[in-house]
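Please open the structure in your viewer and keep the selection tool at hand. The tour goes from one selection to the next and says what is found at each stop.

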Amino acid sequence: MSIDIALLLGQDGVVNGAIYALLALALVLVFSVTRVIFIPQGEFVAYGGLTLAALQEGRGPGTFWLLCAVRVAVALADGIAALRAGSGRSLRWALAGDLGYLTLLAAVLYLAPFASWPAWVQIPLALALVVPLGPAVYRLAYQPLAGASILVLLIVSVAVHVALVSLGLLFFGAEGSQTRAFSDARLELGRVEVGAQALCVVLFSVALMAALHAFFERTSYGKALRASAMNRVGARLVGIPVGLSGRLSFALAALIGALSGILIAPITTLYYDTGFLMGLKGFVGAIIGGLASYPVAVGGALLVGLIEALASFWASAYKEVIVFALVVPVLVWRSLRTHHLEDDE
Amino acid sequence: MSEHAEQRTTSPSAEILLEVHGLGVRYGKVEALRDVHIRVGRGRIAAVIGPNGAGKTTLLSAIAGLLPCAAGQVWLDGVQIAGAAVEDNVARGLSLVPETRELFARMTVQDNLELGAFSLRRAGRRERDALLAEAFRIFPRLEERRDQLAGTLSGGERQMLALGRALMSRPRLLLLDEPSLGLAPLIVREIFQVVVGLRRRGVSVLLVEQNARAALQIADDAYLLETGEVSLAGTAQALASDPRVIESYLGLGRRGDPGV
Ligand SMILES: Nc1ncnc2c1ncn2[C@@H]1O[C@H](COP(=O)(O)OP(=O)(O)OP(=O)(O)O)[C@@H](O)[C@H]1O
Ligand SMILES: [Mg+2]
């Protein structure tokens with residue numbers, strides 16, 4: 001292997017690794033706060049990228065109808081819960097908020113010429129469509145099972161994954177899509193030529209990680225999330241609602257997923273089911289850190305990206321096999337190092 | 001928060017802040033509490049003493065909302081709170097300091113305290129800073145260690161932090177579960193003096209203690225809880241002079257216990 005090929009592969013590996021790292025962060029976050037192994041994480045990648053692609057092609061994205069349906073389901077679930085508890089005041093406010101939000105989105109999607117807008121307006125619009133799906137998924141699938149075992153939550157995750165992939169097929173269709181590149185420029189860095197888009201992916205990923213770090217270290221909601229992950233009883237005792245930390249962590253996971261999709265959509269053709277494999281690779285990175293350590297998860301995910309790039313050069317037919325076979329030594333190593341993962345407070 | 005729970009079922013009384021009426025709690029088939037009646041007056045300290053396994057921790061957990069009540073009612077200032085969520089109770093001014101402290105071990109002392117004010121997150125920064133300053137005034141030792149991780153604190157400092165964190169939500173009623181557990185006599189005295197100081201500022205306290213001697217010395221009212229039932233109730237003085245209490249809980253073997 002010549003040095004040029006190695007540098008090229010390294011570049012590929014870092015770009016993919018950056019995306020896997022973002023997904024790994026989301027997986028660690030969701031698991032540590034809610035004990036949910038969030039298999040559907042990858043679906044938000046596909047939803048984010050495909051929603052932006054639909055906006056750029058001037059089609060109203062199917063995500064809008066999905067969001068409407070999901071919000072109706074959430075309202076029903078909340079309504080039933082409120083009837084049982086005999087209250088309704090906060091529910092009316094939530095409903096009014098939902099209705100206002102969806103009306104606003106509908107107005108934009110039906111009246112505005114969004115296809116000709118610049119990317120920096122289209123991207124927030126795509127996020128506004130996709131991110132609210134995260135907390136809704138938590139509310140519908142996981143919140144009713146708050147006390148369940150990790151295994152039950154995992155089984156639910158498989159079901160949610162299948163449901164979201166099917167809905168993706170229904171609302172986005174089977175064709176793949178790509179979005180416009182943020183920039184087509186190519187930069188000479190020493191002897192390698194780097195695509196500006198690839199550089200964007202890495203820079204945005206680093207920026208997003210820095211933003212997440214600041215959120216966890218500086219804001220009261222970020223600290224509340226960390227506290228919920230560290231000690232559930234303690235978090236309840238200081239008045240952090242279990243539902244709030246759940247919704248917040250799922251919203252962040254959806255945001256991270258959708259942004260990842262938007263970042264890679266210009267360089268990869270996304271299909272409704274593309275996210276799954278990416279999510280799994282993020283998961284491999286995350287379990288290197290025991291689903292508990294953010295920095296190790298990032299490092300692990302980068303490693304996965306680099307190994308994948310090398311594997312695609314040496315044995316491209318076995319690329320996925322090699323990456324997922326990584327799980328075995330990782331699990332053996334972790335089982336030797338830790339005695340229990342489950343109640344690691 | 002449920003509208004139902006907000007309805008006043010009894011009129012708020014000038015003297016009673018917490019009223020527990022006929023409370024029953026079960027762990028599956030096991031009945032841990034049966035028909036428990038307890039009252040905590042405004043600005044008063046009520047102590048609950050009793051042997052291991054009597055159900056003292058269960059009582060506080062059920063009042064705080066950590067455990068569901070199988071029977072009975074709980075009123076805080078005339079508002080029915082049985083079955084309410086913990087976070088709603090915290091917002092109403094009821095804070096529990098559990099036997100197990102439940103600190104955020106890998107966060108600093110200051111972060112732990114600030115999280116204690118999470119229910120006041122909509123209040124201004126200045127208000128929360130004032131509460132933090134107040135907590136540091138009560139426990140100067142915490143200020144010295146504000147950047148230390150809670151998990152590295154000594155037992156006494158942990159108890160101070162747990163108490164300080166609970167105070168950050170500006171409670172009207174504090175539920176304290178065995179604050180003296182595992183602490184040296186000097187620290188026990190310090191903590192109990194803080195509790196007495198809180199009463200002076202109008203905070204009511206429901207205090208669960210193994211250390212009956214110390215608890216009865218600072219309490220106004222007292223209850224003896226045995227196998228899930230209140231077997232004796234009265235003023236702290238009356239309980240302290242009850243022959244049964246003297247024999248079982250203040251007996252000779254315990255004379256060496258720290259007083260206040
Ligand atoms: N989660 C649980 N499941 C089943 N039984 C429980 C549970 N928690 C407590 N119990 C039982 O309920 C009874 C009361 O327990 P509790 O912890 O309230 O006692 P306590 O008075 O606080 O005792 P101690 O002084 O030792 O702290 C005990 O018999 C205990 O075994
Ligand atoms: Mg106890």
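Begin by selecting B:D111 together with A:R226, whose side chains meet in a salt bridge with 3.8 Å from N to O; keep in mind throughout that this is a predicted model. The count of salt bridges between chain B and chain A is three, and five residue pairs are in polar contact across this interface, both residues of each pair being at pLDDT 80 or more.

Next, select on chain B the elements that give two or more residues to the side touching chain A, namely α1 (3-6), α3 (86-92) and α4 (109-116). Of these, α4(B) supplies the largest share, with four residues. Sorted by class, this side of chain B holds twelve nonpolar, five polar and eight charged residues.

Now show both chains together, where the contact draws 25 residues from chain B and 25 residues from chain A. About 2300 Å² is buried between the two chains, and 60% of this lies on carbon and sulfur atoms.

Then move to the strands of chain B and select β1 (residues 16-27) with β2 (residues 30-41), an antiparallel pair joined by eight bridges. These two strands form a hairpin with two residues between them, and in the turn B:G28 has a positive phi of about 60 degrees.

Key:
Residues numbered from 1 in each chain as written. Chains lettered and ligands numbered in written order. Predicted model: local features only at pLDDT ≥ 70, side-chain atom pairs only at ≥ 80, totals over all residues. Heavy atoms only, no water. Contact = heavy atoms within 4.5 Å. Buried area = accessible area lost by both parts, 1.4 Å probe. Salt bridge = Lys/Arg side-chain N within 4 Å of Asp/Glu carboxyl O. Polar contact = N/O pair within 3.5 Å; in protein donor to acceptor, adjacent residues only side chain to side chain. Nonpolar A, V, L, I, M, F, W, Y, C, P; charged D, E, K, R; others polar. Pairing = 2+ DSSP bridges.
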